[in-house]
Amino acid sequence: MGFWLVLLFTLLTCPPLSKSDPSDEACLTHLSQSLKDPANLLQNWTRSNFASPCSGFTSYLPGATCNNGRIYKLSLTSLSLQGSLSPYLANCTNLQSLDLSSNQITGPIPADLQSLVNLAVLNLSSNRLEGEIPPQLAMCAYLNVIDLHDNFLSGQIPQQLGLLVRLSAFDVSNNKLSGPIPASLGNRSGNLPRFNATSFEGNKDLYGYPLPPMKAKGLSVLAIVGIGLGSGFASLVLSFTGVCIWLKVTEQKMALEEGKISSLMPDY
(Lines give C-alpha, C1' and ligand atoms only; values in the text may rest on other atoms or scores of the structure.)
Protein backbone atom coordinates (compact mmCIF):
# COMPACT_ATOMS: atom_id res chain seq x y z
CA MET A 1 0.00 0.00 0.00
CA GLY A 2 2.84 2.35 0.90
CA PHE A 3 4.48 1.74 -2.51
CA TRP A 4 1.34 2.73 -4.39
CA LEU A 5 0.97 5.87 -2.33
CA VAL A 6 4.56 6.89 -3.15
CA LEU A 7 4.01 6.14 -6.83
CA LEU A 8 0.78 8.13 -6.89
CA PHE A 9 2.45 11.06 -5.15
CA THR A 10 5.33 10.96 -7.62
CA LEU A 11 2.99 10.98 -10.62
CA LEU A 12 1.02 13.90 -9.21
CA THR A 13 3.99 16.07 -8.26
CA CYS A 14 6.39 15.44 -11.17
CA PRO A 15 5.94 17.78 -14.15
CA PRO A 16 4.86 16.11 -17.39
CA LEU A 17 7.56 15.35 -19.92
CA SER A 18 7.77 18.03 -22.58
CA LYS A 19 7.24 16.95 -26.14
CA SER A 20 9.62 18.12 -28.85
CA ASP A 21 8.29 20.82 -31.10
CA PRO A 22 8.45 20.25 -34.89
CA SER A 23 8.93 23.98 -35.46
CA ASP A 24 12.04 24.01 -33.27
CA GLU A 25 13.33 20.94 -35.09
CA ALA A 26 12.96 22.64 -38.48
CA CYS A 27 14.56 25.81 -37.12
CA LEU A 28 17.63 24.01 -35.74
CA THR A 29 18.01 21.68 -38.73
CA HIS A 30 18.06 24.46 -41.30
CA LEU A 31 20.24 26.70 -39.15
CA SER A 32 22.89 23.98 -38.86
CA GLN A 33 22.73 23.48 -42.64
CA SER A 34 23.17 27.18 -43.40
CA LEU A 35 26.07 27.64 -40.99
CA LYS A 36 29.57 26.23 -41.31
CA ASP A 37 31.50 25.18 -38.22
CA PRO A 38 35.19 24.99 -39.24
CA ALA A 39 36.34 24.68 -35.63
CA ASN A 40 33.93 21.77 -35.07
CA LEU A 41 32.61 23.28 -31.85
CA LEU A 42 29.00 22.19 -32.39
CA GLN A 43 29.52 18.44 -32.33
CA ASN A 44 26.24 17.74 -30.57
CA TRP A 45 24.26 19.65 -33.20
CA THR A 46 23.01 16.47 -34.84
CA ARG A 47 19.71 15.50 -36.42
CA SER A 48 18.82 13.19 -33.54
CA ASN A 49 19.20 16.02 -31.04
CA PHE A 50 17.23 18.41 -33.26
CA ALA A 51 14.26 16.04 -32.99
CA SER A 52 14.34 16.33 -29.21
CA PRO A 53 16.62 19.22 -28.18
CA CYS A 54 15.06 19.78 -24.77
CA SER A 55 13.95 17.89 -21.74
CA GLY A 56 12.01 20.40 -19.70
CA PHE A 57 14.55 23.11 -18.94
CA THR A 58 17.55 21.00 -19.98
CA SER A 59 19.12 21.43 -23.42
CA TYR A 60 21.17 18.83 -25.25
CA LEU A 61 22.63 21.42 -27.64
CA PRO A 62 25.61 23.67 -26.77
CA GLY A 63 24.56 27.31 -26.95
CA ALA A 64 20.85 26.56 -26.64
CA THR A 65 18.70 27.18 -23.57
CA CYS A 66 15.33 25.56 -23.05
CA ASN A 67 12.17 26.64 -21.30
CA ASN A 68 9.45 24.05 -20.78
CA GLY A 69 10.64 21.95 -23.70
CA ARG A 70 11.08 24.82 -26.19
CA ILE A 71 14.21 26.63 -27.37
CA TYR A 72 14.01 30.12 -25.94
CA LYS A 73 17.63 31.27 -26.22
CA LEU A 74 20.40 30.71 -28.78
CA SER A 75 23.86 32.02 -27.95
CA LEU A 76 26.53 30.97 -30.45
CA THR A 77 29.12 33.71 -30.01
CA SER A 78 32.80 33.78 -30.99
CA LEU A 79 32.77 30.31 -32.59
CA SER A 80 34.25 31.31 -35.98
CA LEU A 81 30.98 30.30 -37.61
CA GLN A 82 30.61 30.97 -41.32
CA GLY A 83 27.76 30.66 -43.80
CA SER A 84 24.49 32.58 -43.68
CA LEU A 85 21.39 33.07 -41.55
CA SER A 86 18.59 30.66 -42.35
CA PRO A 87 15.08 32.11 -42.79
CA TYR A 88 13.92 29.03 -40.85
CA LEU A 89 15.12 30.75 -37.68
CA ALA A 90 11.60 32.14 -37.71
CA ASN A 91 10.35 28.64 -36.79
CA CYS A 92 11.83 28.98 -33.30
CA THR A 93 8.74 30.93 -32.33
CA ASN A 94 9.47 30.75 -28.60
CA LEU A 95 12.88 32.36 -29.04
CA GLN A 96 13.51 35.34 -26.77
CA SER A 97 17.23 35.88 -27.34
CA LEU A 98 19.30 35.35 -30.49
CA ASP A 99 23.02 36.08 -30.16
CA LEU A 100 25.28 35.08 -33.05
CA SER A 101 27.81 37.87 -32.53
CA SER A 102 31.55 37.78 -33.26
CA ASN A 103 31.51 35.22 -36.06
CA GLN A 104 32.04 35.39 -39.82
CA ILE A 105 28.45 35.04 -40.99
CA THR A 106 27.65 36.60 -44.37
CA GLY A 107 24.55 37.42 -46.40
CA PRO A 108 21.41 39.35 -45.45
CA ILE A 109 19.35 39.50 -42.29
CA PRO A 110 16.22 37.47 -43.12
CA ALA A 111 13.01 39.48 -43.05
CA ASP A 112 11.37 36.25 -41.79
CA LEU A 113 12.66 37.09 -38.30
CA GLN A 114 9.51 39.16 -37.96
CA SER A 115 7.79 35.92 -36.91
CA LEU A 116 9.83 35.84 -33.70
CA VAL A 117 7.17 37.77 -31.83
CA ASN A 118 8.70 36.94 -28.41
CA LEU A 119 12.21 38.08 -29.36
CA ALA A 120 13.70 40.56 -26.87
CA VAL A 121 17.42 40.44 -27.79
CA LEU A 122 18.88 40.42 -31.30
CA ASN A 123 22.68 40.55 -31.42
CA LEU A 124 24.26 39.92 -34.83
CA SER A 125 27.21 42.26 -34.32
CA SER A 126 30.77 41.71 -35.54
CA ASN A 127 29.95 39.56 -38.55
CA ARG A 128 30.02 40.18 -42.30
CA LEU A 129 26.32 40.66 -42.90
CA GLU A 130 25.28 42.61 -46.00
CA GLY A 131 22.15 44.17 -47.46
CA GLU A 132 19.58 46.36 -45.77
CA ILE A 133 18.17 46.21 -42.26
CA PRO A 134 14.71 44.66 -42.73
CA PRO A 135 11.96 47.03 -41.58
CA GLN A 136 9.93 43.92 -40.67
CA LEU A 137 11.94 43.73 -37.43
CA ALA A 138 9.48 46.30 -36.12
CA MET A 139 6.99 43.43 -35.88
CA CYS A 140 9.03 42.03 -32.98
CA ALA A 141 7.33 44.32 -30.49
CA TYR A 142 9.24 42.99 -27.45
CA LEU A 143 12.70 43.85 -28.78
CA ASN A 144 14.83 45.49 -26.11
CA VAL A 145 18.19 45.14 -27.83
CA ILE A 146 19.20 45.46 -31.50
CA ASP A 147 22.96 45.21 -31.91
CA LEU A 148 24.21 45.13 -35.51
CA HIS A 149 27.51 47.00 -35.23
CA ASP A 150 30.58 46.07 -37.27
CA ASN A 151 28.98 44.54 -40.34
CA PHE A 152 28.60 45.64 -43.97
CA LEU A 153 24.94 46.63 -43.84
CA SER A 154 23.84 49.27 -46.34
CA GLY A 155 20.83 51.42 -47.18
CA GLN A 156 18.86 53.53 -44.74
CA ILE A 157 17.85 52.81 -41.16
CA PRO A 158 14.16 51.83 -41.33
CA GLN A 159 11.83 54.41 -39.86
CA GLN A 160 9.67 51.59 -38.51
CA LEU A 161 12.27 50.64 -35.89
CA GLY A 162 11.35 53.81 -34.03
CA LEU A 163 8.02 52.18 -33.20
CA LEU A 164 9.75 49.73 -30.86
CA VAL A 165 8.91 51.43 -27.57
CA ARG A 166 10.72 48.79 -25.50
CA LEU A 167 14.00 49.34 -27.34
CA SER A 168 16.67 50.31 -24.79
CA ALA A 169 19.88 49.43 -26.69
CA PHE A 170 20.46 50.14 -30.37
CA ASP A 171 23.81 49.97 -32.18
CA VAL A 172 24.40 50.08 -35.95
CA SER A 173 27.85 51.67 -35.84
CA ASN A 174 30.59 50.78 -38.31
CA ASN A 175 28.49 49.69 -41.26
CA LYS A 176 27.82 51.23 -44.69
CA LEU A 177 24.50 52.84 -43.86
CA SER A 178 23.42 56.08 -45.53
CA GLY A 179 20.70 58.72 -45.42
CA PRO A 180 19.07 60.46 -42.46
CA ILE A 181 18.82 58.97 -39.00
CA PRO A 182 15.10 58.60 -38.21
CA ALA A 183 14.06 61.15 -35.60
CA SER A 184 12.14 58.36 -33.86
CA LEU A 185 15.53 56.80 -33.07
CA GLY A 186 17.97 59.70 -33.00
CA ASN A 187 15.79 62.19 -31.14
CA ARG A 188 13.30 60.17 -29.11
CA SER A 189 10.84 62.02 -26.96
CA GLY A 190 9.18 61.40 -23.63
CA ASN A 191 10.54 58.65 -21.39
CA LEU A 192 11.90 56.56 -24.26
CA PRO A 193 15.63 55.74 -23.98
CA ARG A 194 17.80 57.91 -26.22
CA PHE A 195 20.75 56.72 -28.26
CA ASN A 196 23.88 58.83 -28.57
CA ALA A 197 26.27 59.27 -31.49
CA THR A 198 28.23 56.09 -30.69
CA SER A 199 25.20 54.07 -31.83
CA PHE A 200 25.54 55.49 -35.36
CA GLU A 201 29.23 56.33 -35.87
CA GLY A 202 31.32 54.74 -38.62
CA ASN A 203 28.73 55.17 -41.40
CA LYS A 204 30.20 57.93 -43.54
CA ASP A 205 26.98 58.67 -45.46
CA LEU A 206 24.74 58.68 -42.39
CA TYR A 207 23.67 62.07 -41.07
CA GLY A 208 21.27 63.82 -38.74
CA TYR A 209 21.00 64.09 -34.97
CA PRO A 210 22.87 62.88 -32.95
CA LEU A 211 25.40 62.93 -35.82
CA PRO A 212 26.23 66.18 -37.68
CA PRO A 213 23.79 67.35 -40.37
CA MET A 214 24.24 66.48 -44.02
CA LYS A 215 27.31 68.12 -45.54
CA ALA A 216 26.50 70.61 -48.29
CA LYS A 217 27.92 69.36 -51.54
CA GLY A 218 29.10 72.85 -52.54
CA LEU A 219 32.00 73.98 -54.70
CA SER A 220 35.51 74.09 -53.35
CA VAL A 221 37.19 77.37 -52.55
CA LEU A 222 39.46 77.07 -55.60
CA ALA A 223 36.47 76.41 -57.82
CA ILE A 224 34.65 79.44 -56.45
CA VAL A 225 37.74 81.64 -56.94
CA GLY A 226 38.17 80.28 -60.45
CA ILE A 227 34.58 80.98 -61.34
CA GLY A 228 34.91 84.47 -59.89
CA LEU A 229 38.04 85.21 -61.87
CA GLY A 230 36.52 83.74 -64.99
CA SER A 231 33.34 85.74 -64.69
CA GLY A 232 35.36 88.89 -63.93
CA PHE A 233 37.51 88.42 -67.01
CA ALA A 234 34.44 87.76 -69.12
CA SER A 235 32.81 90.95 -67.83
CA LEU A 236 35.98 92.89 -68.61
CA VAL A 237 36.09 91.59 -72.17
CA LEU A 238 32.41 92.39 -72.70
CA SER A 239 32.86 95.88 -71.30
CA PHE A 240 35.90 96.54 -73.49
CA THR A 241 34.06 95.24 -76.54
CA GLY A 242 31.09 97.49 -75.75
CA VAL A 243 33.33 100.56 -75.46
CA CYS A 244 35.02 99.76 -78.76
CA ILE A 245 31.68 99.41 -80.51
CA TRP A 246 30.46 102.69 -78.98
CA LEU A 247 33.60 104.52 -80.12
CA LYS A 248 33.26 103.10 -83.62
CA VAL A 249 29.62 104.14 -83.87
CA THR A 250 30.43 107.60 -82.50
CA GLU A 251 33.26 107.99 -85.01
CA GLN A 252 30.93 107.07 -87.87
CA LYS A 253 28.32 109.56 -86.70
CA MET A 254 30.92 112.35 -86.50
CA ALA A 255 32.11 111.55 -90.00
CA LEU A 256 28.58 111.79 -91.32
CA GLU A 257 28.03 115.15 -89.60
CA GLU A 258 31.26 116.54 -91.07
CA GLY A 259 30.15 115.41 -94.54
CA LYS A 260 26.81 117.19 -94.13
CA ILE A 261 28.49 120.40 -93.00
CA SER A 262 30.96 120.33 -95.91
CA SER A 263 28.15 119.95 -98.45
CA LEU A 264 26.37 123.01 -97.09
CA MET A 265 29.39 125.30 -97.29
CA PRO A 266 29.69 127.43 -100.54
CA ASP A 267 32.59 126.92 -102.89
CA TYR A 268 34.96 129.91 -103.34
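Select G208: its relative accessible area is 16%, so it counts as buried (buried is under 20%, exposed over 50% and partly exposed in between, with a 1.4 Å probe and protein chains only). You're looking at a predicted model, where local features need pLDDT of at least 70 and side-chain atom pairs pLDDT 80 or more, while totals for chains, interfaces and linings use all residues. Numbering starts from 1 along each chain as its sequence is written, and side-chain values use heavy atoms, without hydrogens or water.

**Around G208**

G208 sits in the loop between β15 (205-207) and α5 (221-264) (helices, H or I of at least four residues, and strands, E of at least two, are DSSP runs numbered from the N terminus). Leaving out residues up to four places away in sequence, G208 touches I181 and P213 (contact means heavy atoms within 4.5 Å).

The peptide bond joining Y209 and P210 is cis, with omega at about 10 degrees. P210, like G208, belongs to the loop between β15 and α5.

**Zoom out**

Colour by secondary structure and you'll have 5 helices and 15 strands in the chain. Of its 268 residues, 34% are buried. Take the contacts between residues at least 6 apart in sequence: 52% of them join residues at least 24 apart.

**D24 and R70**

Which two side chains meet in a salt bridge? Show D24 and R70: they do, at 2.9 Å from N to O (the rule asks for a side-chain nitrogen of Lys or Arg within 4 Å of a carboxyl oxygen of Asp or Glu). By that rule the count comes to 1 salt bridge. D24 belongs to helix α2 (residues 22-34) and R70 to strand β5 (residues 70-75), so this pair ties together parts that are 46 residues apart in sequence.

Are D24 and R70 buried or exposed? Both are buried, and for D24 the relative accessible area is 1%. Neighbours within four places in sequence aside, D24 is in contact with G69, R70 and I71, and also with N91, C92 and T93.

**Along β5 to Y72**

Slide along to Y72, which is in strand β5. At a relative accessible area of 25%, Y72 is partly exposed. Select Q96 too: 24 residues separate Y72 and Q96 in sequence, and 5.3 Å separates their C-alphas in space. Skipping residues up to four places away in sequence, Y72 touches T65, C66 and N67, plus N94, L95, Q96 and S97.

Where is S78 placed? Look in the loop between β5 and β6 (82-83). S78 isn't a glycine, but its phi is positive, about 55 degrees. With 51% relative accessibility, S78 counts as exposed.

The last stop is S102, in the loop between β7 (97-99) and β8 (106-107). Its phi is also positive, about 60 degrees, although S102 is not a glycine.
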